[in-house]
Amino acid sequence: MEGEEEQGQPPQEAGIEPVVAVGASEVVPRVLSGESQNLSDADALTLLLEMKLRRRRERPSLPRTVTELVAEDGSRVYVVGTAHFSDDSKKDVVKTIREVQPDVVVVELCQYRVSMLKMDESTLLQEAKELSLEKLQQAVRQNGVMSGLMQMLLLKVSAHITEQLGMAPGGEFREAFKEASKVPFCKFHLGDRPIPVTFKRAIAALSFWQKVKLAWGLCFLSDPISKDDVERCKQKDLLEQMMAEMIGEFPDLHRTIVSERDVYLTYMLRQAARRLELPRSSDAEPRKCVPSVVVGVVGMGHVPGIEKNWTTDLNIQEIMTVPPPSISGRVSRLAVKAAFLGLLGYGLYWMGRRATSLVLSLPVTQYCLQRASTARPHK
């Protein structure tokens with residue numbers, strides 16, 4: 001689950017080429033001559049890498065929402081804990097990436113939600129507010145009936161926050177994507193577990209009545225939310241806090257939606273934090289590797305779990321499997337399908353009766369029926 005490598009050029013002034021001065025602590029500009037500069041690919045790569053390392057702060061000034069973790073090989077991971085509906089979180093992400101000049105940026109997204117990175121704020125705002133039948137059908141096709149309905153209910157929660165705040169979710173991820181593209185040789189990784197797996201495991205962990213109770217709570221969520229509420233939740237992500245309050249009585253649901261994703265995010269951050277091989281001018285030059293720098297952008301609610309799992313042995317195979325549906329799960333799916341088909345059939349029947357009554361009440365219809373009855377031969 002790795003996004004495409006984004007390579008950007010560092011900002012330069014017209015007619016100026018930055019060159020690293022030996023023994024200096026800053027980059028010294030050299031005025032270009034009018035002649036073309038003939039640099040080999042290896043030299044150009046080396047120059048860009050040196051510029052990046054010079055721009056990287058040894059002791060970066062980081063926001064208080066950043067947690068620093070160190071891998072066994074010396075690689076450093078800066079985890080930015082964010083609130084998904086917060087302007088301050090977006091600023092924290094930008095500042096962190098500019099300070100540390102990372103080799104990899106990992107975000108709490110999966111391939112099923114990557115489209116939000118390339119959509120503008122107004123489009124996302126409109127999309128988040130509209131829950132259409134087409135979205136429901138797509139969710140059901142991807143995740144199954146029960147998981148699809150659960151996904152739509154969670155989208156309803158997100159749409160409620162969006163409507164209250166007038167702010168589209170995921171702004172910190174879009175800022176991370178933009179900033180990563182400006183850092184030379186910086187890769188962009190998707191670090192979250194695929195959402196169909198999460199929903200299917202979550203649904204499988206609940207009994208039929210627990211599913212009904214949870215759906216009821218999600219359907220009638222309408223408490224007002226202010227921007228001050230969001231910023232107060234910088235110690236715990238607002239969306240995840242609301243979910244935690246609703247699923248607090250369902251420990252298995254909390255395990256699948258929060259704890260298991262903590263493990264998965266930790267695993268992906270550790271995979272990203274591997275030693276970086278420096279470019280070589282020729283094949284004869286020996287390979288050199290240095291510790292890498294990684295920035296992780298995750299919801300604040302996941303940070304404690306990532307810290308807890310950082311030094312433990314992780315096996316994600318278990319949390320990637322979807323258990324077979326239980327008897328209650330099969331019964332509930334059949335009940336939902338039967339109820340849907342029953343409501344659809346009743347709706348068609350009611351509309352048919354209504355349409356027939358309207359047609360029969362028309363004067364033209366009454367006249368035609370009267371003519372037909374008078375024209376019928378009498379025995």
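Predicted model: local features only at pLDDT ≥ 70, side-chain atom pairs only at ≥ 80, totals over all residues.
Is aspartate 192 buried or exposed? Aspartate 192 is buried, because its relative accessible area is 1%; "buried" means under 20%, "exposed" over 50% and "partly exposed" in between, using a 1.4 Å probe and protein chains only. Residues are numbered from 1 along each chain as its sequence is written, and side-chain values use heavy atoms, with hydrogens and water left out.

**View 1. Aspartate 192 and arginine 113 make a polar contact.** Aspartate 192 sits in the loop between strand 6 (187-190) and helix 7 (195-204). Here helices (H or I, at least four residues) and strands (E, at least two) are DSSP runs, numbered from the N terminus. The two side chains come to 2.5 Å. A polar contact is a pair of N or O atoms within 3.5 Å; within protein, one must be able to donate a hydrogen and the other to accept it, and residues adjacent in sequence count only if both atoms are side-chain atoms.

**View 2. Arginine 261 meets glutamate 108 in a salt bridge.** A salt bridge is a side-chain nitrogen of Lys or Arg within 4 Å of a carboxyl oxygen of Asp or Glu. In this pair, the closest N and O atoms are 2.7 Å apart. The partners come from distant parts of the chain, 153 residues apart: glutamate 108 is in the loop between strand 5 (104-107) and helix 3 (121-129), and arginine 261 is in helix 11 (residues 251-272). Both glutamate 108 and arginine 261 are buried.

**View 3. Arginine 261 also forms a salt bridge with aspartate 192.** Their N to O distance is 2.9 Å. Arginine 261 belongs to helix 11 and aspartate 192 to the loop between strand 6 and helix 7, so this pair ties together parts that are 69 residues apart in sequence. Through shared partners, salt bridges join Glu108, Arg113, Asp192 and Arg261 into one network.

**View 4. Arginine 76 and glutamate 68 form a salt bridge.** Their side chains meet at 2.3 Å, N to O. Arginine 76 is partly exposed, at 35% relative accessibility, and glutamate 68 is partly exposed too, at 40%. A search of the whole structure finds 13 salt bridges.

**View 5. Leucine 348 is exposed in helix 14.** This helix covers residues 327-360, and leucine 348 has a relative accessible area of 53%.
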